[in-house]
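Reader: Please take me closely through one part of this model. I want its packing first, then a few other spots that deserve a look. Keep it brisk.

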Amino acid sequence: MKKTAAHQKTAPAMVSVAEAIIGSLSTGIIYLDGNGRIALINGRAEEMLHTSAGVVTGKRVDMLPLRTPIYRLLSENCHGVTVEMSVNGAVLTARSIELQVPAGSLSGEIYELIDVTEEKKEKRHREEIVAMMTHDLKSPLTVLMGYVQALRNEGTAKVDASLVPYLDEMDRSSLKLSAMIEDILDAYRLEVGLLQTTCSWCDLPALLEACCHDMGSEASSRGVRFTYDIESNIPAMNVDGDQLCRVFANLIGNAIKFTSRKGQVTVNAWLEDEKLRVTVKDTGIGIPEQDLPRIFNKYFRSKGANGFKGTGLGLTISKAIVEAHGGTIAVESKVGAGSCFTIVIPCRAA
Ligand code: ADP
């Protein structure tokens, strides 16, 4: 199409309008041209990265001084993904995309920077409040649990036999509530780096067996078949037994929860390449393929989990605990067929 005089007049004007807009954005923008040179850096990016256009414009990344925030940003692999970086106490998110201009008249990479320091502070503050309130729930719950235990210990001499099932249910429910409180607190501890493991030499197979034994009654009360096979040659391991028991209980509890009556849950534990391997396999509802990459994210619950009780924290915490032991946790699953979670933990045998 032939350009009109009006078109030709507006083009340079548009360029300066675009420059003015980019210059006044609250988002930091850096444009690297097709030769990898910094062709544009707006005012906000200058502020966030403590640099100036005069110093960096025209330079390639390798010509920038190492350890400067702009070098760190441009050497970061944030193509198509958002990464977080901290610069002098500020928290920035960075992401880059390829410049898309028709007919290849212009090429290069655009970096977008957002200062999320305040959001982070607010989020942390909200989480602290939730953690404090959750922590405060523990005291009255402990009192209730104590009285329920006391009544159960009285036996039928003092407690009417018809009330015993109610006490048992109160006991089970308060234990579940207590576990949920611990999960919320652990999710907070995980966020602020306070989730700790205290390792000592443990007979982990015995702990797993005890866990399987407890979960077996849960399974039979739900009409789910439950079997387990733990190899006898697993040595003592230097691990946090209590925390790993939580992982086992979470995986087995999930397997039972998401499996319908007459379904099957199987636990296997064996030694391979000096590593303990535990699989928890079920024939339950399964997890949609698109959800698998998010299954260990905090509060993530698959749509299929609607109607089943839960907080979406168990797997996040389990992953953190397993990784704190230098191990891995993985899942294979098929909707309608079932799931298999595998934990691998290196043995530090005594
Ligand atoms: P919760 O069980 O409290 O929802 P988890 O973090 O333990 O939280 O699990 C997160 C989600 O992963 C569950 O809500 C469910 O969608 C899915 N999930 C976990 N284990 C299984 C399983 N064995 N079968 C089907 N879905 C599962």
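**A close look at helix α7**

Author: α7 is followed by Gly223, whose phi is positive, near 75 degrees. The element names come from DSSP runs: helices are H or I runs of at least four residues, strands are E runs of at least two, and both are numbered from the N terminus.

Two notes on the source. Residues are numbered from 1 along each chain as its sequence is written, and side-chain values use heavy atoms, with hydrogens and water left out. This is a predicted model: local features need pLDDT of at least 70 and side-chain atom pairs count only at pLDDT 80 or more, while totals for chains, interfaces and linings use all residues.

Now the helix itself. α7 covers residues 204-221, which is 18 residues. From first C-alpha to last, α7 reaches 26 Å, close to the 26 Å expected at 1.5 Å a residue. The expected span is 1.5 Å times one less than the number of residues.

Next, the buried side. Buried means under 20% relative accessible area, exposed over 50%, and partly exposed in between (1.4 Å probe, protein chains only). In α7 the buried residues are Leu204, Pro205, Leu208, Cys211, Cys212, Met215, Gly216 and Ala219. An α-helix has 3.6 residues a turn, so residues three or four places apart point the same way. The buried residues of α7 pack against two kinds of partner. The strands are β6 (200-202), β7 (225-230), β8 (237-239), β9 (264-272) and β10 (275-282). The helix is α8 (241-257).

Take that helix pair. α7 and α8 pack at an angle of about 30 degrees, with their axes 10 Å apart. Axes are lines fitted to C-alpha atoms, for helices over the stretch in contact, and angles run from 0 to 180 degrees between N-to-C directions. The two helices are therefore roughly parallel to each other. Under 35 degrees counts as roughly parallel, over 145 as roughly antiparallel, 65 to 115 as roughly perpendicular, and the rest as oblique.

Contact means heavy atoms within 4.5 Å. From α7, the contact is made by Leu204, Leu207, Leu208, Cys211, Cys212, Met215, Glu218 and Ala219. From α8 come Gly241, Leu244, Cys245, Phe248, Ala249, Ile252, Gly253 and Ile256. These residues divide into 13 nonpolar, two polar and one charged. Here Ala, Val, Leu, Ile, Met, Phe, Trp, Tyr, Cys and Pro count as nonpolar, Asp, Glu, Lys and Arg as charged, and the others, Gly among them, as polar.

α5 (residues 117-154) and α6 pack at about 155 degrees, with their axes 9 Å apart. That makes α5 roughly antiparallel to α6. Their crossing is left-handed. The contact residues of α5 with α6 divide into 15 nonpolar, five polar and 10 charged.

Last, two loop residues with a positive phi. Asp273 is found in the loop between β9 and β10. Its phi is about 50 degrees, although Asp273 is not a glycine. Asp273 is exposed, at 60% relative accessible area. Asn88 lies in the loop between β3 (83-87) and β4 (90-98). Phi of Asn88 is positive too, near 45 degrees. Asn88 is exposed, at 66%.

Notes
Left-handed = near helix turned anticlockwise from the far one by under 90°.
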